[in-house]
Amino acid sequence: MMSAFTNNAHRALLLGIRAARQPSLTRSVLCSRTYAASTRTWTPKTSTPSSSPPKVAKATASTSVGGADITENLSTSGEIDVSGTMNGSIPLETVPSSASLSSPFPGDFTTAGDVGSTDWSTSYHGLSTQAFSKDIANMLLAPVDDMDIEMKPDGLIYLPEIKYRRVLNKAFGPGGWGLAPRSETNVGPKVVSREYALVCQGRLVAVARGEQEYFDPSNIPTATEGCKSNALMRCCKDLGIASELWDPRFIREFKAKYCVEVFAEHVPTKKKKKLWRRKDQPKFDYPWKE
């Protein structure tokens, strides 16, 4: 009897020691949380919108508590549509390439870089390198209209400088030609002069010195502009514009057909003098009076 009691006590002691070594049943269960790495796929946007825009997968997290798995959804609004934020972010090209642009005027134009790099005050770039096209030549060499020709009282016939500019604009287009100064403005006691170069389509065409008289220092700016127009008229001779005006035979025939020489009296001094005018122009009135 005594031995049985001793064996039971010994067994109970062993069970108590073993229970002390094991974790307590009342201890709280440890929680472990693992996260699944989110995966994201993205397709570069092309000029043609895709029928099925790329979307980003939802990120999830799983928690294990006491052997039970709990999955948490970290996305609050479902899958994210990336195409909505990308629409319109890559604008399409709206400006046409310069290769598709063409000039409405005949002939080939040089680039601005070639023209801008030339010092026209000393250069003879492009002089007589190539003839202009047939269309341009026909415009430049067209016969002058008799109704455009004017006459000075001293009998000199001329074409107003605006007529030369219109011919150049018609042949080369506005901006396709220009006058480049080749010297400083020379202001004399009565005359202003300056040398200019006529450049057409990036090529030197002619060089001439223009001049203009003035009678008062306050008129020097106006005389400078007249000097430029006179140089333009002289440069246009090399292009054949209104070349008839330098032909003696044409001058004689024109004056006989369209002009008349009359006696006129200078009103303040009563001095008489022969003057020329076109027949279709009114008579002299002042200071010379027929």
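Me: Start with Y124: is Y124 buried or exposed?

Reply: Buried means under 20% relative accessible area, exposed over 50%, partly exposed in between (1.4 Å probe, protein chains only). Y124 has a relative accessible area of 52%, so it is exposed. Keep in mind that this is a predicted model, where local features need pLDDT of at least 70, side-chain atom pairs count only at pLDDT 80 or more, and totals for chains, interfaces and linings use all residues. Residues are numbered from 1 along each chain as its sequence is written, and side-chain values use heavy atoms, without hydrogens and water.

Me: Where is Y124 placed?

Reply: Y124 sits in the loop between α3 (112-116) and α4 (134-140). Helices here are DSSP runs (H or I, at least four residues), as are strands (E, at least two), numbered from the N terminus.

Me: How do I read pockets?

Reply: Rolling a probe the size of a water molecule over the atoms shows where empty space is left. On a 1 Å grid over the protein atoms alone, a pocket is an open set of points where a 1.4 Å probe fits, with protein on both sides within 12 Å along at least five of seven lines; lining residues have an atom within 4 Å of a point. The largest pocket has a volume of about 490 Å³. Its lining has 19 residues, and K152, L156, Y158, N230 and M233 are the closest to its centre.

Me: Which element gives the largest share of that lining?

Reply: α6, with 5 residues.

Me: What is the volume of the second largest pocket?

Reply: About 280 Å³. Among its 14 lining residues, M139, A142, P143, K163 and V167 are closest to the centre. α5 gives the most to this lining, 4 residues.

Terms used. Grid points are joined across faces, edges and corners, and a volume is the space filled by probe spheres set on the points.
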